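Subject: The structure to look at, and what turned up in it

Hi there,

Here is the structure I promised to pass on to you. Have a look around it, and then read on for my notes.

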Amino acid sequence: MGKSKELAINNCPKMASSSTTQKPSSSSSSSSSSSAPSPKLNSNVFLSFRGEDTRDDKLERGEEIGQQLLGTIEGSRFSIIVFSERYADSKWCLEELTKIMECRKERGQTVLPVFYHVDPSDMRKQTGSFRKGFAKHEKTVDAEKVERWRAAMTEATNLGGWHVVKDKGYESKPIQEIIDFILKGLKTKFLLIEKHMVGMKFCLEKLKSMLQIHLGHINVIGIFGFGGIGKTTIAKMVYNDILCQFNGSCFTEDHWDQVEPLIERCIWFAPGSRIIITTRDEHLINMCQVDESIKVLFYEVDPLCDEEAIELFSWYAFKQHVPKEDYMNLAKRMANYAKGHPLALKVLGSSLYGKTIDEWKSEMDKLKKCPKKEVNDLLRVSFDGLYDFEKDVFLDIACFFIGTNKDFVLKILDSCNFYATSAIPNLHDRCLITIVDNGVQMHDLIQQMGWTVVREEYPRDPSKWSRLWDPNDIHKAFLTRKMKNIETISLDLSRSKEMQFTSEVFSKMKNMFAEMKELRLLKVYYSAHCSQTTKENKILLPIDFEFPPNLRYFHWEGLEILLSNLQGQNLVALNLKSSNIKELWEGDKDLPNLKFLDLSYSQQLMKIPKFTMMQNLKRLNLGA
């Protein structure tokens, strides 16, 4: 199993009047020394203030403060009391104040007074507007209750707090001091996050909205994506942002074997709990659906867009948000190489900081065959966790099948005994491949990681590799005339240098292909963007060309000769697009496993083989 990191946010979300958070000017004033047992706390902060509302109308009719509000005050860790000029006019506020001071004494609640545009001494002496407020209440409220209100205000004002003076223009400072004080009191431990969080705002808002779904259930949010894409960073951002909304929280880094028992024991979590898991394996998220009380949601992390990639790269390469003018084109090339991969952008940018333009160009050339080790090793973790047959499927895709129809790939690789029908969904779950319009794709850096796996077998001798895809490496291997280990060859002639591959070259090696006992996939073609002039320079196979005996897929664009020596017993797909032959071969050939035959754009074709010799044929293309 791959590594899985868990962010578990336990217990019920808080239902506070306010989430304002922390520090009085006098620390001695904040809480009682009572040793009463701690109640169940549902909120971090309760905020008491005189607002422009009609709450007093209810008290005028003889009603009491609602039990839900009293419960909220009792269940809060902190109460902030904002004493304003008309605070004492409100019976509701005075009732809140009395309850708060009672909770301070009996429950150890921390009380933080804020004197907003009022003189604290007026409150202590209960003069000015406060004297008038109490005088008004003495006419309609029994004397005992008014005396409790007076005592509560005197006690609160003696605690000390923040004095916000009118017209001083610095109200943000005491607000921040209060926040800092409360966070310190909560012993809140925020997770360390890197400085430049480019492109993360949308992810944060999306995940926060997902956390609001199914409020009465236990939600598991699975953040998945390939290595270095930013899963853990996003999880940390969400954790820090919502930490104070929960009674308990933890951020742990565990193997799935340790996380799984935690999920299975969902009884440990109260309704409203939130569990965030980051993983490279989407399938592991599905395994969290162990109980009806758990709701599982998925969030896939996408690469950064071009603009975001340039900005993130620039912060590390230039210590500013845009590239330096002289480096603009090189910076864009580097960002394009990383294809929005955050870790790659950071590593590349850091390694190029302070380097000359010539050094940048050299690094760009080197990256074509030598990816950054730090990035490649991280991506390699997912590959190393695969079964051997899954590794074969992954490498075949990376070196041969990018952009190919998924169903076609399944048929070919299943015939190679690679269990592709099982392997390809697993590669997708592990974020090693994507399926776009039913075509198999993968991120450029993941593909390059696959190439590195193949190259490292024999770094300087491509003739001993299992797969060949680069024209220069193929040419070098051909010159050795020893290619017994080769399993796949994908030769894009439009990318090869002139005279690297000619009819004469293939004529000299006609017998060598027959010795490639392991060769399963052979493709010689021209890229879609290649000009018609280039395509007309076709490579001719020699008449007595000997075919590899175990081919499953043979694709040769622009064929000029009959396939007289074709060994077709294992052949699953035959693609002779744009050939110039009138028939494929003379006589009959038994092709019991052939499922795909593409003869499109073969304008000279006059005759096709008997279908009785291809009883498993599923698709025939004679287009154009």
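Which helices and strands each supply at least two residues of the lining of the largest pocket? They are α13 (328-338), α15 (357-367), α17 (388-401), α20 (444-455), β13 (488-492) and β14 (521-525). Helices (H or I, at least four residues) and strands (E, at least two) are DSSP runs, numbered from the N terminus.

Before going further, please keep in mind that this is a predicted model, in which local features need pLDDT of at least 70 and side-chain atom pairs count only at pLDDT 80 or more, while totals for chains, interfaces and linings use all residues. Residues are numbered from 1 along each chain as its sequence is written, and side-chain values use heavy atoms, with hydrogens and water left out.

**The whole protein**

The secondary structure comes to 23 helices and 18 strands. Of the 624 residues in the protein, 51% are buried. Here buried means under 20% relative accessible area, exposed means over 50%, and partly exposed is in between (1.4 Å probe, protein chains only). Among contacts (heavy atoms within 4.5 Å) between residues at least 6 apart in sequence, 71% join residues at least 24 apart.

**The largest pocket**

Both pockets and cavities are found on a 1 Å grid over the protein atoms alone. A pocket is an open set of points with protein on both sides within 12 Å along at least five of seven lines, whereas a cavity is a set of points where a 1.4 Å probe fits but cannot get out. Lining residues have an atom within 4 Å of a point. Grid points are joined across faces, edges and corners, and a volume is the space filled by probe spheres set on the points.

The largest pocket holds about 810 Å³ of space. It is lined by 31 residues, and those closest to its centre are A398, Q447, W451, W469 and R495. Helix α20 gives the most to this lining, with six residues. By class, the lining has 14 nonpolar, seven polar and ten charged residues. In this scheme Ala, Val, Leu, Ile, Met, Phe, Trp, Tyr, Cys and Pro count as nonpolar, Asp, Glu, Lys and Arg as charged, and the others, Gly among them, as polar.

**The cavities**

How many cavities of 30 Å³ or more are there in the whole structure? The search finds two. The largest cavity has a volume of about 80 Å³. Its lining includes Y337, L348, K372, N376 and Q448. The elements that give two or more residues to this lining are α14, α16 (373-384) and α20. Nine of the lining residues are nonpolar, two are polar and one is charged.

The second largest cavity has about 40 Å³ of space and is lined by H196, M197, V198, M200, L312, P342 and K346. These divide into five nonpolar, one polar and one charged. K346 sits in helix α14 (residues 342-352) and counts as buried, at 14% relative accessibility. Not counting residues up to four places away in sequence, K346 touches E194, L312 and Y316.

**Salt bridges**

The structure holds 26 salt bridges, each a side-chain nitrogen of Lys or Arg within 4 Å of a carboxyl oxygen of Asp or Glu. Take E363, which is buried at 11% relative accessible area. E363 meets K366 in a salt bridge (3.2 Å, N to O). These two are separated by about one helical turn, because they are three residues apart in helix α15. K366 is partly exposed, at 41%. E363 also forms a salt bridge with K372, where the closest N and O atoms are 3.1 Å apart.

In another salt bridge, the closest N and O atoms of R467 and E487 are 3.8 Å apart. This pair links distant parts of the chain, with R467 in strand β12 (residues 467-468) and E487 in the loop between α21 (471-480) and β13, 20 residues apart. R467 is buried, with a relative accessible area of 1%, and E487 is buried too, at 18%. Both belong to a network of salt bridges that links D392, D396, R467, E487 and R520.

**Disulfides**

A disulfide is a covalent bond between the sulfur atoms of two cysteines. With the cut-off set at sulfur atoms within 2.5 Å, the whole structure has zero disulfides.

Enjoy exploring!
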